[in-house]
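These are my notebook entries from an afternoon of looking things up in a model.

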2 protein chains.
Amino acid sequence: MSDHLDLPTRRPVPLPLLGDPPPERADAARNREALLVAAQELINHCGIDAVTMEAVAHRAGVGKGTVFRRFESREGLMGALLNFSETAWQASVISGPPPLGPGADPWDRLAAFGRSRLETTMVSADLIRAAGHAGTRSYAAYSFAAMHVRHLLAELRVEGDVPLLATALMAPLEVWVLDQQVRVEGIGVDRVYEGWLDLARRIVRPT
Amino acid sequence: MSDHLDLPTRRPVPLPLLGDPPPERADAARNREALLVAAQELINHCGIDAVTMEAVAHRAGVGKGTVFRRFESREGLMGALLNFSETAWQASVISGPPPLGPGADPWDRLAAFGRSRLETTMVSADLIRAAGHAGTRSYAAYSFAAMHVRHLLAELRVEGDVPLLATALMAPLEVWVLDQQVRVEGIGVDRVYEGWLDLARRIVRPT
DNA sequence: GAATAAAACCGGACCAGAGTCCGCTTGAGG
DNA sequence: CCTCAAGCGGACTCTGGTCCGGTTTTATTC
C-alpha cells in the first residue's frame, strides 16, 4: 500500500437532511485527515506496533485526546484505516469488472469472491487483527460481504438456510483461520483456495 | 462452573526423562495452584473483567511478578484456566459415552461433536475470548479437535482435501462467528446447530 | 460586517492495567 | 550445613483510555 491515502476529495454537498448527524467542524475534519495520514505512514514505515495513539497524535501535531475523540479507540482508528480498502473492495464488487463485479454468472462470481477475499484478508491481516471488533471487520463491512454471498447463493438456487450457509462460506476466510493454516500449518494460499472452492461446490451442488 | 477447580491430584511420578523440563519447585507449584483458584473465583464472583493480574496475585497472596512468571501473560492465565474444561472435553471424546465418545457410528459422532463444541464454546465464550491466541484456543487444543474431525471424515470416506474440509467444519463454530450469529443477529443456538448439521451433510455427502 | 453566545473541539494531565527488571529469599541436593 | 539455581515481590515503564478547563468555530442578531 502506498503512503498516499486517497481521502475522498470534497464530495458533493452533504445536503443536510435534518435529523442527520450534524457535519464535522472544519478543524475537526482537518485533524481526522491528518491523523489517518499519520497513522498510515507510521504503519508503512515502522509496522503496526509503532502505531501508538500518542505517536499518531504527535505526528499529526495534535493532542492525544483528539485522536480518541475522532476514532474512539485504537481499534476504531485501525477500523477507519481498514475502511478505505474495504470500501474500494465493495466498489469493485458492486460495479467492477467481472467476474468479481456484475456480469459473470453467479458461480464464477462466487469463486472470484472467495479468491478476492482470501487475498485482501491476507494483505490486510495486521490491520484486521488490530482493528479487533472481536477480530472481524466492522459489522457494516461484514454484513455487506455476507449479503453478497447470500445473494449469489440465492441466484444459484441453493436450498436450505442460506444465511447460515453464507456464514459457513465466509468463516474459513477469516483472519485467524487463515493465519492458522498459512502461517502455522504452512499450507499454501493456493491450496487453501482450492479447498474453499471445493467447499463452495459441495454447498452449492444441488441435492 | 463451580468454584471448585479440580486440579489433578498428585499424578503418578513424573519419571524425569533427561532433557525434559525440570520439575517445578514445591512453592512454585503451590503458587500456581493458588493462582488458578484465585482467578477462577474472581471470574465466578465478579466477572472476567475483574481478573486483573494484580487482583489475582493479591487474592492468591503473592506478588504480581509471580503471576507473570507462572503464566507468561494474562492470556496465558486464561488459557490455563480454559485448559481444564478443554481437557475434560477431550477425555469425553476419547473415552466418554457415545455418541460423542467412541462406539457410535462416525456420522453420529460428528453430529455430537458439533453440538458439543457449539455448547462448550458458548459457555466458555468469555474465557476463550480472553485467552486470545488470536482468539482461538491454544494450538494443542485446536489441533486435537481438528484431528478428531479429520479422523471422522476419513471414516466417512469423504474425498478431497480432508484437512481443509475439517477446518471448514470447525470455522463456523469459533467464538466470533457464533457471537455474531447469536448475539448480534439473534439467531437461536438450535438453528445454528441445524445449519451446521446441514453443512456437515453437504460436506460428507458422497459425490 | 461586527458582536456575542452556544456548541464543538483541543490538549495534556491523569488513571489503570499489562508486562519487565533486579536484588533479595528460599527450597532441594550434596 | 552449604550452595546456588529457582523463585519471589514490588517498584517501574509503557500504552490505552478518561477528563476537564480553556480555545476556536459557527450561528445568530443587530
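**Ground rules.** I call a residue buried under 20% relative accessible area, exposed over 50%, and partly exposed in between, with a 1.4 Å probe and protein chains only. Helices are DSSP runs (H or I, at least four residues), numbered from the N terminus. This is a predicted model, so I note that local features need pLDDT of at least 70 and side-chain atom pairs pLDDT 80 or more, while totals for chains, interfaces and linings use all residues. Residues are numbered from 1 along each chain as written, chains are lettered from A and ligands numbered from 1 in the order written, and side-chain values use heavy atoms, without hydrogens and water.

**Entry 1: helix α2(B).** I started with residues 53–60 of chain B, where Met53(B), Val56(B), Ala57(B) and Ala60(B) are buried. Why do they share the same side of α2(B)? Because they cover an arc of only 100° around the axis, taken from the directions from the helix axis to the C-beta atoms. I then checked the other side and found Glu54(B) and His58(B) exposed. The cover over the buried residues includes α1, α3 and α4 (74–95) of chain B, with contact meaning heavy atoms within 4.5 Å. Just after the helix, Gly61(B) has a positive phi of about 75°.

**Entry 2: DNA strand D.** I asked which residues are near the strand, that is, have a heavy atom within 4 Å of it. There are 20 around DNA strand D, and the closest are Lys64(A), Asn31(B), Gly63(B), Thr66(B) and Arg69(B).

A polar backbone atom of Met53(A) sits 3.1 Å from one, and a polar backbone atom of Arg74(A) is at 2.9 Å. Arg70(B) uses a polar side-chain atom, also listed at 2.9 Å. The elements giving two or more residues to this surface are α1 (26–46) and α3 (64–71) of both chain A and chain B. The largest share, five residues, comes from α3(B).

**Entry 3: the two copies.** How does chain B lie on chain A? A turn of 180° and a shift of 0.0 Å along the axis give an RMSD of 0.1 Å, by least squares on C-alpha atoms of residues with pLDDT of at least 70 in both. The copies are therefore related as by a two-fold rotation axis. The same surface serves both, since 100% of the contact residues of chain B recur in chain A.

Conventions. A polar contact is a pair of N or O atoms within 3.5 Å; within protein, one must be able to donate a hydrogen and the other to accept it, and residues adjacent in sequence count only if both atoms are side-chain atoms.
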